[in-house]
Amino acid sequence: MEIEAQTSHRGRPREFDVDVALAAALRVFWTLGYEGASMTDLTKAMGITRPSLYAAFGNKEELFKKALDLYERDKQAYVGEALKAKTARGVAEHLLQGAIDMQTGSDPRGCLGVISSTACGTEAESIRQEVLERRASSDAALLARFERARAEGDFPDHVTAEGLKQYLSAVLQGLCIQAGAGASIQELEQLKATTLAVWPGR
């Protein structure tokens, strides 16, 4: 973790913890979305001035990308673990439970990626594209895992790996949207149970 003694670009010591400030920025973006988060919202939550924000993180877009890195590394670490499950059903179960755990903890509800990809106007198109490109990379990893599962006989031949990936992605996004709209943990658990009950495989 970076400490106060770290120097800025001008050689002067920073008076804030960069990691703590970035975590605060993540919560703002996660709660308000990219466009909804003003520079005033960000600097207030981070406890820094605008010049300090620019010196440490660049502009708002660069700050968001760094916050998205933190989100993927810290909040979505369960995704990589899920892909190691022995069966496609195990992958789905791990992903669903990880999403539920994230939605019912102390973090803001909803999905930062969903919020930022659906609520961006034309002036924030680059942010939307950034989020969609990262999602495409995640989807590709999930598709590769399901293709392997299909070759191993995890699910019937009439079910394609692509179709199963799209289905699970839609369920996960829907779960996050419902959580953001106030769904209870019981309702989210019911969604998980139903998804696994109709899962086309062992």
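Student: How much space lies in the largest pocket?

Tutor: Rolling a probe the size of a water molecule over the atoms shows where empty space is left. In this predicted model, the largest pocket holds about 650 Å³ of space.

Student: Which residues lie nearest the centre of the largest pocket, and which helix gives the most to its lining?

Tutor: The lining comprises 25 residues, and Q76, V79, R135, S138 and D139 lie nearest the centre. Helix α8 gives the most, with eight residues. At least two lining residues each come from α4 (60-75), α5 (77-82), α6 (88-103), α7 (112-118), α8 (125-151) and α9 (161-180). By class, 15 residues of the lining are nonpolar, six are polar and four are charged.

Student: Which residues of the largest nonpolar core touch the most other members?

Tutor: In soluble globular proteins, nonpolar side chains tend to be buried together. Here the largest nonpolar core has 60 residues, of which F29, L42, M46, F57, L63, F146 and L168 touch the most other members. Helix α1 (residues 18-36) gives the most to this core, with ten residues. Leaving aside neighbours within four places in sequence, L42 contacts A25, V28, F29, A37, L53, K60 and L63.

Student: How many aromatic pairs are there?

Tutor: A pair of aromatic rings is described by the distance of the centres and the angle of the planes. The count here is six aromatic pairs. One of them, W30 with Y71, is edge-to-face, at 5.0 Å centre to centre and 85° between the planes. This pair links distant parts of the chain, W30 in helix α1 and Y71 in helix α4, 41 residues apart. Both W30 and Y71 are buried.

Student: Which residues do ring pairs link into a cluster?

Tutor: The cluster consists of F29, Y34 and F64.

Notes:
Residues are numbered from 1 along each chain as its sequence is written. This is a predicted model: local features need pLDDT of at least 70, side-chain atom pairs count only at pLDDT 80 or more; totals for chains, interfaces and linings use all residues. Side-chain values use heavy atoms; hydrogens and water are left out. On a 1 Å grid over the protein atoms alone, a cavity is a set of points where a 1.4 Å probe fits but cannot get out, and a pocket is an open set with protein on both sides within 12 Å along at least five of seven lines; lining residues have an atom within 4 Å of a point. Grid points are joined across faces, edges and corners, and a volume is the space filled by probe spheres set on the points. Helices (H or I, at least four residues) and strands (E, at least two) are DSSP runs, numbered from the N terminus. Ala, Val, Leu, Ile, Met, Phe, Trp, Tyr, Cys and Pro count as nonpolar, Asp, Glu, Lys and Arg as charged, and the others, Gly among them, as polar. A nonpolar core is a set of buried Ala, Val, Leu, Ile, Met, Phe, Trp, Tyr and Cys residues joined through side-chain atoms within 4.5 Å. Buried means under 20% relative accessible area, exposed over 50%, partly exposed in between (1.4 Å probe, protein chains only). Contact means heavy atoms within 4.5 Å. Rings of Phe, Tyr and Trp (its six-membered ring) pair if their centres lie within 6.5 Å; planes under 30 degrees apart count as stacked, over 60 as edge-to-face and the rest as tilted.
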